[in-house]
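Trainee: Could we go through this model together, one question at a time? I would like to start with the sheet and then turn to the helices and loops.

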Amino acid sequence: MNTQNKKHQLRNWLLALLAILVVGILVFWPTDYFIESPGEAVPVSQFIKSKNKKPDNFYLVTVSVTSRPASILQYLWSYTKPYDERVPSKELLGGQTNAQYNELQDWYMETSQQNAIYYAAKKAGKKHSLQYLGVYVMEVQKNSSFKHKLQIGDTVLGANGHRFHSTEEMMSYLRKQKIGSKITISVLRGKQKKKFTGKVVKVKDTNKPGIGIQLVEHVEVKTKPKLTINAGEIGGPSAGLMFTLESYEVFSKQNLSHGHKIAGTGTISPTGKVGIIGGVDKKVVAASREGAEVFFAPTDSSSVKKSETNYAVAKRTAKKIHTKMKIVPVDTFDDAINYLKAHYYLTSFLKL
């Protein structure tokens, strides 16, 4: 083999090695972004345990999020998909670890399920009770004196010897305290009760006295007949409305969907208020792919402009993808029920 051939062979080996290195970087080198994309539309009935089972006609809709920051290749490939979104790690995780973020989504889901069962039973006239257990700690603010004491998932039970019976009662008590005053809170961590002492601070965004935490109410609901929900690995509060519709159908023994595929999204409060969620455009895409005929979208504009409500975004998305799925605005649970009943009567009349 002459010198020229050896040089060619060496060059080819170097080029091959460089190509492998470039591919390796593209495939494995992480960016600082997670990719959110349309997920699935899943029958709600499979998550509900009750003696009265119903057909799979109500669908919750998910957003798919990469389990870890996207690689360079995933990041670049996402630009070829119109409804993929690149979300900075800081924006998605809010300074938490992946594990903490997933725990947070699980607690939101649990609260959503409890609210859904409670309101559905109440609306159906069934025996129901809602026991307040405390508040889950979702985040500890930087200026909180409990920053390195409280953990995400702790349940705050009371303060200075006072045991609270609602979130409003706790917040009312804390707001009466002076900024800088000493306060001792009782906490449930797992099965252990703990006490931590700190100071009352000015709470971010409200500028009112508090202990500096983001919270979600920790409650336990009991109904007769008994109904439970277990959504498995699905997290977040956005299936609240659909859980409530399915639970109400079970409790009331009514046929609300009449064989139609009904999808939707939105949180649910103990009073039946439907709240906004994220990623509604992706959920419209996922529901349409599943063949849903109706998609319920929240109209709540308390924290966004009217042009950016879930309903407004869902309408624009539906138009873009040319779906036949009808986008229905809902502000309360009653809006969804009234639509289903009116739609049923109208279609029944047209068939006569």
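Mentor: Begin with strand 17 (residues 294-298) and strand 18 (residues 326-330), which run parallel and are joined by 5 bridges. Two strands count as paired if DSSP finds at least two bridges between them. Helices (H or I, at least four residues) and strands (E, at least two) are DSSP runs, numbered from the N terminus. The model is predicted: local features need pLDDT of at least 70 and side-chain atom pairs pLDDT 80 or more, while totals for chains, interfaces and linings use all residues. Residues are numbered from 1 along each chain as its sequence is written, and side-chain values use heavy atoms, without hydrogens and water.

Trainee: Which residue of strand 18 stands opposite Phe295?

Mentor: Strands of a sheet pair through backbone hydrogen bonds, either parallel or antiparallel. Here, the residue standing opposite Phe295 in strand 18 is Ile327.

Trainee: What is the handedness of the β-α-β crossover from strand 17 to strand 18?

Mentor: A crossover is right-handed if, with the strands pointing away from the viewer, the path from the first strand over the helix to the second runs clockwise. The chain leaves strand 17, passes through helix 8 (residues 310-320) and reaches strand 18, and this crossover is right-handed.

Trainee: Which strands stand at the edges of the sheet?

Mentor: The open sheet has 6 strands in the order 4-1-3-14-17-18, with mixed pairing. Two of them have a single partner strand each, so one side of each is left without a neighbour in the sheet: strand 4 (85-88) and strand 18.

Trainee: Which residue in strand 17 is the bridge partner of Gly264?

Mentor: Strand 14 (residues 262-264) pairs with strand 17 in the parallel sense over 3 bridges. In strand 17, the partner of Gly264 is Phe296.

Trainee: What angle does helix 8 make with strand 18?

Mentor: Helix 8 packs on the sheet and touches strand 17 and strand 18, where contact means heavy atoms within 4.5 Å. Axes are lines fitted to C-alpha atoms, for helices over the stretch in contact, and angles run from 0 to 180 degrees between N-to-C directions. The direction of helix 8 makes with that of strand 18 an angle of about 175°.

Trainee: What is the handedness of the crossing of helix 4 and helix 6?

Mentor: The axes of helix 4 (residues 98-124) and helix 6 (residues 240-252) come within 8 Å and cross at roughly 35°. A crossing is left-handed if the near helix is turned anticlockwise from the far one by less than a right angle, and right-handed if clockwise. This crossing is right-handed.

Trainee: Which peptide bond is cis, with omega near 10°?

Mentor: Most residues other than glycine have a negative phi, and most peptide bonds are trans. Look in the loop between strand 12 (213-224) and strand 13 (228-229), where Pro225 is found. The cis bond runs from Lys224 to Pro225.

Trainee: What is the phi of Asn160?

Mentor: Asn160 lies in the loop between strand 6 (155-159) and strand 7 (162-163). Although Asn160 is not a glycine, its phi is positive, at about 50°.
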